[in-house]
Amino acid sequence: EAKLKRYAERYNIPHIYTDYNEMMAKEDLDCVSVTTWNAAHKGATIAALRGGANVLCEKPLCINREEIEKILAAEARSTAQLGVVLQNRYNPANIYAKEQLGEDKATGGYATMIWNRNENYYAQAAWRGTKDMEGGGVLINQALHTLDLLQYFCGEPDQVVASVNNLTLKNVINVEDTASALYSGKANFTFFATNGSNVDFQPEVMLYTKDGYMRILGNYVLHNNMLKHFDTTKTVYGKGCYGTGHGQLLAHFYECVEKGEKFPIDGREGSKVIKMILAAYESNGDKVDV
């Protein structure tokens with residue numbers, strides 16, 4: 001509440017609440033942006049949808065399979081829209097890759113996300129690094145965006161064999177800092193992610209297509225031996241390795257709400273990568289269904 005009051009003063013916000021159910025009962029809201037810790041996404045999202053407010057939910061949409069079904073049911077009953085923040089789809093290099101694929105899917109791919117999240121990062125908030133509040137570690141909190149791109153380009157897989165480990169933060173967190181996964185079925189791709197690096201590198205995505213390949217690294221795409229460089233003047237909200245998609249996604253969501261158009265990353269679309277992550281957690285080295 002103390003933090004909330006400071007922001008209310010700074011931005012001249014007339015009414016503040018520490019209970020979203022009270023807020024929904026008292027306010028006539030057009031949109032609700034859910035930016036809480038992960039485990040609270042489901043409750044806040046469903047409450048807003050039931051109240052008729054459009055919802056833009058930060059990733060992850062939720063942290064278990066039961067929550068997915070409840071959110072999708074609330075979305076189906078609501079007259080409002082649900083959007084999920086998967087902003088890497090709006091980075092220029094990824095937009096280009098999707099356009100080049102057209103209606104096709106990549107025939108195979110891999111991706112890596114190698115970042116640094118140290119003890120100081122986890123000390124900043126009590127929910128970080130906890131299974132019950134974060135839902136997991138590097139897979140569900142940092143690597144989700146890059147993994148989502150793989151299924152966005154290649155399609156949804158049927159099965160996965162995965163391994164998750166805590167290699168560098170055993171006395172700090174009780175979730176994984178490193179994960180590797182082999183996804184297969186209608187789509188086939190490989191994924192590796194770690195928070196154990198000493199620095200943050202740009203995530204990398206490699207795609208094999210019916211006419212060659214595309215290698216995506218930040219604002220660059222190497223497409224069949226032709227290097228393409230995309231606009232770097234847009235604002236980056238956060239670290240450079242996040243890309244520039246946040247502003248574009250936010251603008252598109254509110255434009256869709258204003259015009260009554262369908263926002264493309266809805267509950268079902270946002271839940272695809274959650275199912276892939278939950279299956280990876282369930283795998284423990286065995287092949288399991290996504």
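Where does P60 lie? P60 is found in the loop between β2 (54-57) and α4 (65-77); helices (H or I, at least four residues) and strands (E, at least two) are DSSP runs, numbered from the N terminus. The peptide bond from K59 to P60 is cis, with omega near -10°. Most peptide bonds are trans, and most residues other than glycine have a negative phi.

This is a predicted model, in which local features need pLDDT of at least 70 and side-chain atom pairs count only at pLDDT 80 or more, whereas totals for chains, interfaces and linings use all residues. Residues are numbered from 1 along each chain as its sequence is written, and side-chain values use heavy atoms, with hydrogens and water left out.

N12, in the loop between α1 and α2 (20-26), has a phi near 55°, a positive value in a residue other than glycine. With a relative accessibility of 69%, N12 counts as exposed; exposed means over 50% relative accessible area, buried under 20%, and partly exposed in between (1.4 Å probe, protein chains only). N284 also has a positive phi, near 55°, and is placed in the loop between α11 and β12 (288-289). At 68% relative accessibility, N284 counts as exposed.

Helix α3 (residues 41-50) is mostly covered, since seven of its ten residues are buried. The buried residues are H41, A44, T45, I46, A47, A48 and L49. They pack against α2, β1 (31-34), β2, α4 and β3 (82-84), where contact means heavy atoms within 4.5 Å. Just after α3, G52 takes a positive phi of about 85°.

The interior can be followed next. A nonpolar core is a set of buried Ala, Val, Leu, Ile, Met, Phe, Trp, Tyr and Cys residues joined through side-chain atoms within 4.5 Å. The largest such core has 72 residues, and those with the most contacts inside it are L139, L147, F153 and L207. Helix α11 (residues 267-283) gives the most to this core, with eight residues. Apart from this core lies another, of five residues, among them Y121, Y122, I173 and V175. Leaving aside residues up to four places away in sequence, L207 touches L101, A106, G108, G109, F153, C154, G212, Y213, M214 and I216.

Two of those neighbours, G212 and Y213, are also touched by N224, as is D211, again without residues up to four places away in sequence. N224 sits in the loop between β10 (220-223) and β11 (226-229) and is partly exposed, with a relative accessible area of 28%. The side chain of N224 reaches the backbone nitrogen of Y213 at 2.7 Å. N224 and T209 are 15 residues apart in sequence and 9.9 Å apart in space, C-alpha to C-alpha.

Y7 belongs to helix α1 (residues 2-11) and is partly exposed, with a relative accessible area of 37%.

Technical notes. A polar contact is a pair of N or O atoms within 3.5 Å; within protein, one must be able to donate a hydrogen and the other to accept it, and residues adjacent in sequence count only if both atoms are side-chain atoms.
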